[in-house]
Amino acid sequence: MKRFLLPLAVFSVLLLFLGAGLSLNPRELPSPLVGKPTPSFSAVRLDDAAGRISPADMAGRAWLLNVWASWCASCRIEHPLLMQFAQRQGTPLVGLNYKDGREDARQWLAQQGNPYLQSAFDPEGRLGMDFGVYGVPETFVIDKRGVIRLRHAGPLSEEVLQRKILPLLKELENG
């Protein structure tokens with residue numbers, strides 16, 4: 001009789017692990033950078049090859065970093081929401097153009113509209129790797145001290161903006 005209980009116990013444990021795995025949200029990929037300072041960088045600007053952009057440009061302000069590319073289909077989905085965000089919010093929105101061609105990216109922004117205060121140009125993806133980017137789009141909320149407070153993988157939605165990002169930005173502005 002005990003011989004039959006062992007396979008049943010193993011099967012039950014496997015079911016528990018499967019159930020726990022299925023309850024996880026694949027959009028909430030862990031980021032070791034949340035709660036840590038923004039990686040230090042000085043990147044070439046997308047709109048001006050002689051210009052530079054760095055986190056020091058945003059010192060003393062909460063800001064969003066949005067990783068995007070002209071070849072990214074999901075970036076097209078979230079782009080109208082970013083345009084609305086840039087028009088209604090006072091929070092700076094900075095772009096990180098990831099593994100893209102400069103002219104392709106500039107043309108895409110000219111056609112779709114440019115919600116970014118400024119965009120860093122990262123053609124090889126090195127800066128994206130410093131941020132632990134898995135793919136595009138990804139959005140980071142960074143506080144006034146330059147600490148990453150939130151990472152959202154995938155396209156932003158109105159729900160994510162209303163339930164996660166805007167409340168966090170309000171908290172950062174008041175705190």
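Me: Strand E3, residues 63-68: mostly covered or mostly open?

Reply: Mostly covered. Keep in mind this is a predicted model. In E3, six of the six residues are buried.

Me: Which residues of E3 sit on which side?

Reply: Trp 63, Leu 65 and Val 67 are on one side, and Leu 64, Asn 66 and Trp 68 are on the other. Both faces are covered. As a rule, side chains in a regular strand alternate between the two faces of the sheet.

Me: OK, and which way does E3 pair with E6, parallel or antiparallel?

Reply: Antiparallel, over five bridges, with E6 covering residues 138-142. Trp 63 stands opposite Ile 142 in that pairing.

Me: And with E4?

Reply: E3 and E4 (residues 93-98) are parallel, also paired over five bridges. Asn 66 faces Gly 95 of E4, and Trp 68 stands opposite Asn 97. To get from E3 to E4, the chain goes through helix H2 (residues 73-88), and that β-α-β crossover is right-handed.

Me: Zooming out, what's the strand order in the sheet?

Reply: E5-E4-E3-E6-E7, in an open sheet of five strands with mixed pairing. E5 (118-122) and E7 are the edge strands with a single partner each, so one side of each has no neighbour in the sheet.

Me: How much are neighbouring strands turned against each other?

Reply: By 20° on average, ignoring direction.

Me: Switching to helix H5. What does H5 lie across?

Reply: H5 lies across E3, E6 and E7, and runs at about 165° to E7.

Me: How far does H5 reach from end to end?

Reply: H5 spans residues 158-174, so to speak 17 residues, and reaches 22 Å from its first C-alpha to its last. That's close to the 24 Å expected at 1.5 Å a residue.

Me: Where's the kink in H5?

Reply: At Ile 165, shortly before the proline Pro 167, and the kink is about 35°.

Key. Residues numbered from 1 in each chain as written. Predicted model: local features only at pLDDT ≥ 70, side-chain atom pairs only at ≥ 80, totals over all residues. Heavy atoms only, no water. Buried < 20%, exposed > 50% of the residue type's maximum accessible area, 1.4 Å probe, protein only. Helix = DSSP H or I, 4+ residues; strand = E, 2+ residues; numbered from the N terminus. Pairing = 2+ DSSP bridges. Right-handed = clockwise from strand over helix to strand, strands pointing away. Expected span 1.5 Å × (residues − 1). Bend = angle between axes of the 7 residues up to and from the residue. Axes fitted to C-alpha atoms, helices over the stretch in contact; angles between N-to-C directions. Contact = heavy atoms within 4.5 Å.
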